[in-house]
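Dear colleague,

Please find the structure that I am handing over to you below. My notes on its contents follow directly after it.

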Amino acid sequence: MKTTKVAVSKKKLEEYSGELLVIFVAQDSDGKIIGDRLFGPMLKSLQEFKEFTGKKEEILQLYPAIGQFKGLVQCKRLMLLGLGDIGELSDLNEMFELFRTAGGSIASQCKKNKIEIVGVNIPEFKGLDAAVVGEYVTEGILLGVYQFLKYKKKDDDVYPGLKKIEFLSRADRSKIRKGVDKGNNSALAACAARDMANEPANGWTPNHFAKYAEKVAKELHLKCTILEKSHMKKLGMGGIIAVNKGSEEPPKLVILEYNPEKYTETVLMVGKGLTFDSGGISLKPAQGMMDMKYDMCGGAAVLAAMEAISREKPGIRVVAIIPSTDNMTGGGAVKPGDIITHYGGITSEIENTDAEGRLILADALAYGIEKFQPNCVIDLATLTGAVIIALGHHHSGLMSNNDRLTEKLIEAGRICGEPLWRLPLGKMYAKQIESKVADCKNTGGRPAGSITAAEYLHQFVGKVPWAHLDIAGTAWNFTEKSYVPKGPSGVGVRTLIELLRQWESGMFTEDNS
Ligand code: BES
Ligand code: MN
Ligand code: ZN
C-alpha cells in the first residue's frame, strides 16, 4: 500500500496553491449558509441562486483561477462541501460520522480528478473541535481512497493514489496532529485488513496469515507463535484438523501477543481465518461461491487491529489468535456424520461440513482462554448467512454472555461508525444443537441460525466475558458509505481499536457474568 502523508499547516486559504482545496460549508438553524470569511460574498450569492446551500453532502467544484477569485486564491480547484446544520447534531458520534463521510466525499473527488495532493481547510465554526475534524476527515479520506490494484497490470487509466493531505488551520496544531494520527492509524489498519481480504484464495493462504503476522511482530516487537498442523494434532484441536482434512494447504494457528511491561488485564481477540469456504462435502452452490474468499475477514480484522493497537501502546495485554485453513472437498475431507473431538475434549457430530467456522473458532477459543486467562474475549467471524437474513447489511450481529462487554462494544461501534446489534443467547437455542451421539452437533436447523452458531461457541468460553461478532453481512460489498468502496470493508478493525481506546481498567476483573 502506498502511504499518504498528512500535514497540518498554518498556511492561509489564499496561499494554498495545490490542485484542490476543500472548504466546508455549514448551515445555521434557519438554513442560512455559514462559510469562511474569504468566500462569504460568493456563498451568499450561490445560496441566492439556490446553486449551493450547504446542505449535508452537497458538493460544488469551482475553478477560481478562471473566475472572480483570480489572483485572490492560488488553488486550481475549490471544492465546497456541505455539512448541513451542525448545531443540530445532538450526538458526538453523529459529528464523527459526518466528517468521516465528508472525508469519503473528498476521496471520491480526488479519485475522479486524479488528485494526488489535497488541501483541506479546518473550519472555525462555533462548537467544532479542530482535532475532531482532523481525525475523522483523515480517516474518511484514507478509507475512501483505498483501492486494490496489485493484479491490475494493463489498466493505464488508474488513479495513482493520494500522496498527501494538507490541513490548513489556525487552531492548536499539536492537538490537530494527535487527532490526525489517530485517524491515520485506524484507517491504515482497516485498509491492511482490506488488502488481505482482497487477495484471492490462491494469493492468501493460511501460510500468508502466518508470514504476515511474523512480519508485524518483527516490526512492532510483538510475540508471534505459529502452531503447525502437527502441534495442533498433538494438542487435540480436532475442529481445525477436521476442517483442513479436505485440503492440500496445511492449517496454521497464528498467535500474536502485545505484552506491555506492566499489565493486569488481558484482552483476547479471535478471528475466523477461513481462506476459502467451498462448503466441503456439503458443497456450496457455484453461484456466489467466489465470495467465499472473503471468509477470512474476521482473521484479517483481528490481525490488522493488533497492528494498530500495539502502535497505540495501551497498558493492557492484547492477544490475537487466528485459526486458519480453507474448507475443501479432497478425498480425505470430513464427512457429514463424522464425530470430532475439540481442544478440551468436547465431542461434536458434523451434520454439515459447511458449518466449519464454528469448528475452527471453538478450538481457538478454548485454547486461547486456557493459555492466556483473558479478562474478556471477542471473536469476529463471517459465520452465518442467517445474520444477513436477520440484520441485512447494516449491522453486524453481536451475541454475548456479558452486558458490560456488550455495552462497550456497541458504544465502540457507534463511535467508529460500525454499528452492532445484539441478538439473544439462551438454553432454548443451545438445545437445537444437541446431538444423539455426541456432546453437540455443528448445526441447529434453519431457525435462529446465527444464534445457534453462537451457542456452539458459547460452550467453549465458560464464564469468561465473551462477545461474538457475526460480520457475514457487513464484511464486504454492501456498505453504502462514501468511505467504504466496494469490496471488503475492513469492518471490525476500527471497533476493536476503539474498544481498547475506551478501555476502563477493572471492567472485567470481577466475575460479573
Ligand atoms: N462462511 C459461511 C457463512 C457466510 C455465508 C458468510 C454467506 C457470508 C455470506 C459459513 O461457513 C457457512 O457456510 N455457514 C452456513 C451454516 C449452515 C450450514 C448451518 C450458512 O450460513 O449457510
Ligand atoms: Mn461454510
Ligand atoms: Zn465459512
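In helix α14, the buried residues are V493, R494, T495, L496, I497, E498, L499 and L500. Helix α14 spans residues 493–501 and is mostly covered, with eight of its nine residues buried. Buried here means under 20% relative accessible area and exposed over 50%, with partly exposed in between (1.4 Å probe, protein chains only). Helices (H or I, at least four residues) and strands (E, at least two) are DSSP runs, numbered from the N terminus.

Please note that this is a predicted model, in which local features need pLDDT of at least 70 and side-chain atom pairs count only at pLDDT 80 or more, while totals for chains, interfaces and linings use all residues. Residues are numbered from 1 along each chain as its sequence is written, chains are lettered from A and ligands numbered from 1 in the order in which they are written, and side-chain values use heavy atoms, with hydrogens and water left out.

The metal ions

The zinc ion (ligand 3) is coordinated at 2.0 to 2.4 Å by K272 (NZ), D277 (OD), D295 (OD) and E356 (OE). Donors are N, O and S atoms within 2.8 Å of the metal (3.2 Å for Na, K and Ca); water is not among the atoms, so sites may look incomplete. Along the chain, the zinc donors follow the spacing K-x4-D-x17-D-x60-E. The site of the zinc ion is octahedral, with angles of 79 to 175 degrees among its six donor atoms. Six donors count as octahedral if opposite donors are over 155 degrees apart and all others between 65 and 115.

D277 bridges the zinc ion (ligand 3) and the manganese ion (ligand 2), which lie 3.1 Å apart.

The manganese ion (ligand 2) is coordinated by D277 (OD), D354 (O), D354 (OD) and E356 (OE), at 2.1 to 2.2 Å. Its donors have the spacing D-x76-D-x1-E along the chain. The arrangement around the manganese ion is irregular because its six donor atoms subtend angles of 68 to 167 degrees.

Ligand 1

Ligand 1 is surrounded by 17 residues, of which the closest are D277, K284, D354, E356 and G385; a residue is included if one of its heavy atoms lies within 4 Å. An oxygen atom of ligand 1 lies 2.9 Å from a polar side-chain atom of D277, and an oxygen atom of ligand 1 is 2.8 Å from an N or O atom in the side chain of K284. For D295, an N or O atom of the side chain is 2.9 Å from a nitrogen atom of ligand 1. The protein buries 78% of the 510 Å² that ligand 1 exposes when taken alone; accessible areas come from the Shrake-Rupley method with a 1.4 Å probe, and for residues only the protein chains shown count as cover.

Two further residues

E257 lies in strand β9 (residues 252–258) and is buried, with a relative accessible area of 6%. K431, found in helix α12 (residues 427–431), counts as exposed at 56% relative accessibility.

Yours sincerely

Notes: Four donors count as tetrahedral if all angles lie between 85 and 135 degrees; four count as square planar and six as octahedral if opposite donors are over 155 degrees apart and all others between 65 and 115; anything else is irregular. A polar contact is a pair of N or O atoms within 3.5 Å; within protein, one must be able to donate a hydrogen and the other to accept it, and residues adjacent in sequence count only if both atoms are side-chain atoms.
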